Amino acid sequence: MTTHSKLPAQTQSPHAVMTMIQAIRSAMDVMLERDNNVVVFGQDVGYFGGVFRCTEGLQAKYGSSRVFDAPISENGIAGAAVGMGAYGLRPVAEIQFADYVYPAIDQIVSEAARLRYRSAGQFTAPVTFRMPCGGGIYGGQTHSQSPEAIFTQVCGLRTVMPSNPYDAKGLLIASIESDDPVVFLEPKRLYNGPFDGHHDRPVTPWSKHPSSSVPEQHYVVPLDTAAIVRPGKAVTILTYGTTVWVALAAALEQGIDAEVIDLRSLWPLDLQTITDSVRKTRRCIVVHEATRTCGYGAELVSLVQEHCFHHLEAPIERVTGWDTPYPHAQEWDYFPGPGRVGEALKRTMEV
Amino acid sequence: MNNTEQLCLHVPEPSGRPGCETDFSYLQLSPAGFADKPDVAVEPVGTRELATQLIRVLDDGGEAVGPWAEAIPVEILRKGLTDMMKTRIFDSRMLIAQRQKKLSFYMQSLGEEAIGVGQTLALRPQDMHFPTYRQQSILIAREVSLVDMICQLLSNERDPLKGRQLPVMYSVRESGFFSISGNLGTQYIQAVGWAMASAIKGDDKIAAGWIGDGATAASDFHSALTFAHVYRAPVILNIVNNQWAISTFQAIAGGEGITLATRGLGYGIASLRVDGNDFLAVYAVSKWAAERARRNLGPTLIEWVTYRAGPHSTSDDPSKYRPADDWSHFPLGDPIARLKQHLIRIGAWSDEEHEATHKALEAEIATAQKEAESYGNFTNGHIPSAADMFEGVYKELPEHLRLQRQQLGK
């Protein structure tokens, strides 16, 4: 992993081994401490500390007027957050699962995302909408979705998805500090450890991985910077979230010198890192867990052909979830695991 | 035994339609002075009667009567009347400008002027309104620059909103007027969020949310009431029940056989139903609700009973769906005429002063319009620059928008 390489002298501050849950909690802890305009609210986030424990202990530390439970109304959570943002707060609103975000879409898309524009900067909505996404935990079709493409096509929104604890904390702090509204998607299968898609193998905890070494203090990972997590020369893999780990495993298993790019910020996007890589490798595949048609990968394919067409030696492949609801029993048939990514890598290299 | 009936779907209808005079008895009016005035610390359940009766202060003779009649400084009453007149004259001139195709679109507030003016004068300048598109009276009462307002309507080079919004979708933060969305209802829960923020910060400012009878059916309305009650938010939740949502009667929003004020009771919110064409009632009830909010006693829901005297917007013709002369039969009358009558009765106004004020306001608005039009309008090319279209989507211009601006060639 080279995600640390671009980062400044924060390595001097003490580090701790953190899971992604602990890193996310630490980001909110740091920001609640630093900025008394930061508030955290959502379903079950207060006394209980969240169904995934991301806010555990924060209410006890900062009080119930800054960390509190919300009614089961995603529309209300998002709308109240927009109003708080207009007042001058920096709300961190949790949607318990990304699958539950749809009642909040009007407030996120038509309100938070456009408030700065439509009021010519008089009002802004610097809200961070946190939501766990993705499958791999037998969540079925209402606890597994990856709706990032709904947000990446909305002008005025930033959409972010980390793949490891270090990035999760740095990106979440950057999101909370951002004056733009941010949809912060947390791949829940990565909460407790990296996951390469080999669901039948023992679970690896984050403590076995260097990216679990996280500064305890404040630091940011910039919101428009991709990370080259594995440099390579043969083919570029564009991915983010859980499938970063799948792509790394597939490259290793196939013995293909792939350059794996973790996009981290899906929009606005670090296009330069992508085009530099594809012009070098001349081959590209796109991997994500979300459904394929009109998925975020379609935009990536389009950008790559637009900017790198004359450098390409093979068609760009997409490896994604199928265009079906996320099934329960057939989860591993749905999930774009290392087998499918490996096959795509082989096909791409054969052209 | 066969007592089953064939099922049939009930689709509510108004009592009046073109060619059939409206029976306004459905409004269930109370006489002026009839409704009680509870202490501001009343438990929400104690407002049950007030949610179904109608709080009125001005009687048919223009006298202030009953427990809600209070000593309002004459200067406030005179400013209230002047602001209402100014709103109406402004609307009528902008309507003409729209017919002259200087504006793409307009929405007037004819008949509803007392509500926005009365509440604004009852609140503090730092309190934040989250209005709909029919509360321009708030801007008038807060004395926002008419030139700025008209430049917004014209989408010209001086438009404070840079040509980005439909006419009437104002935003004036410095005057406590939140950006109007155009998506109905969204601002209601935002008002609650703003009020929660004020409470979180230990501030003394309160919020006023505004919604129409039609949009009380929207989910944001119900989210707003839930959140306002749960967190005891310092907010006034106004429902302007003007009976019509474009062509649909308020019964289609769920108002048949109930009052919209009773919606609040089920959420645990103090709820009042008030004559919205009675400036004295608007002012007194707004003061009461503001005091509740400021004393951490919680939100108040107020249904203002009024009538949308004009069309929904310049894009519809109400004579197609309701009697053309409906407003002249509306039992709560014209808010301007009623306050004028009261002021004359107490010796604080006269027909001559009314006439002189009217002329002065017309001249003031004409002058402002002339100045605003000198900065151009959206049809003659004097609009904000095309390059500016890409600004303000994000705080900083991102690379992809810089490229798209280049592609546009600006």
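Select A:Leu345 first, in helix H12 (residues 338-350) of chain A; helices (H or I, at least four residues) and strands (E, at least two) are DSSP runs, numbered from the N terminus. The model is predicted: local features need pLDDT of at least 70, side-chain atom pairs count only at pLDDT 80 or more, and totals for chains, interfaces and linings use all residues. Residues are numbered from 1 along each chain as its sequence is written, while chains are lettered from A and ligands numbered from 1 in the order in which they are written.

A:Leu345 counts as buried because it has 27 C-beta neighbours inside 10 Å. Here a residue is buried if 20 or more other C-beta atoms lie within 10 Å of its own, exposed if 12 or fewer, and partly exposed in between, with C-beta atoms placed from the backbone. Leaving aside neighbours within four places in sequence, the contacts of A:Leu345 are A:Val235, A:Ala250, A:Ala251, A:Gln254, A:Ile256, A:Ala258 and A:Ile285; two residues are in contact if their C-beta atoms, placed from the backbone, lie within 7 Å. A C-alpha separation of 8.8 Å divides A:Leu345 from A:Cys284, 61 residues apart along the chain.

Axes are lines fitted to C-alpha atoms, for helices over the stretch in contact, and angles run from 0 to 180 degrees between N-to-C directions. The crossing of H8(A) and H12(A) is right-handed; a crossing is left-handed if the near helix is turned anticlockwise from the far one by less than a right angle, and right-handed if clockwise. On H8(A) the contact is made by A:Val246, A:Ala247, A:Ala249, A:Ala250, A:Ala251, A:Glu253 and A:Gln254, and on H12(A) by A:Pro338, A:Val341, A:Gly342, A:Leu345 and A:Lys346. By class, this contact has eight nonpolar, two polar and two charged residues. Ala, Val, Leu, Ile, Met, Phe, Trp, Tyr, Cys and Pro count as nonpolar, Asp, Glu, Lys and Arg as charged, and the others, Gly among them, as polar.

A:Arg264 has a positive phi of about 60° although it is not a glycine, and counts as buried because 28 C-beta neighbours lie inside 10 Å. Then select A:Pro268, in the loop between strand S12 (265-267) and helix H9 (271-281) of chain A. The peptide bond from A:Trp267 to A:Pro268 is cis, with omega near -10°. Most residues other than glycine have a negative phi, and most peptide bonds are trans.

Display both chains for the interface, where 36 residues of chain A are in contact with 35 residues of chain B. On the side of chain A that touches chain B, helix H3 (74-87), helix H4 (105-112) and helix H5 (115-118) of chain A each supply at least two residues. H3(A) gives the most, with 10 residues. The residues of this side divide into 17 nonpolar, 12 polar and seven charged.

In chain B, select helix H1 (residues 74-99) and helix H11 (residues 351-374), which pack at an angle of about 50° with axes 10 Å apart. H1(B) is therefore oblique to H11(B), and their crossing is right-handed.

H1 and H11 of chain B, with helix H3 (136-141), are among the elements covering the buried residues of H4(B). Those buried residues of helix H4 (residues 146-154) of chain B are B:Met149, B:Ile150, B:Cys151, B:Gln152, B:Leu153 and B:Leu154. Just after H4(B), B:Ser155 takes a positive phi of about 50°.

Select B:Val192, B:Val235 and B:Val285 next: these have the most contacts inside the largest nonpolar core, which has 215 residues. A nonpolar core is a set of buried Ala, Val, Leu, Ile, Met, Phe, Trp, Tyr and Cys residues joined through C-beta atoms within 7 Å. Helix H8 (residues 279-294) of chain B gives the most to this core, with 11 residues.

End at B:Asn296, in the loop between H8 and strand S7 (300-305) of chain B. B:Asn296 has a positive phi of about 60° although it is not a glycine, and is exposed, with 9 other C-beta atoms within 10 Å.

Definitions and conventions. Angles under 35 degrees count as roughly parallel, over 145 as roughly antiparallel, 65 to 115 as roughly perpendicular and the rest as oblique.
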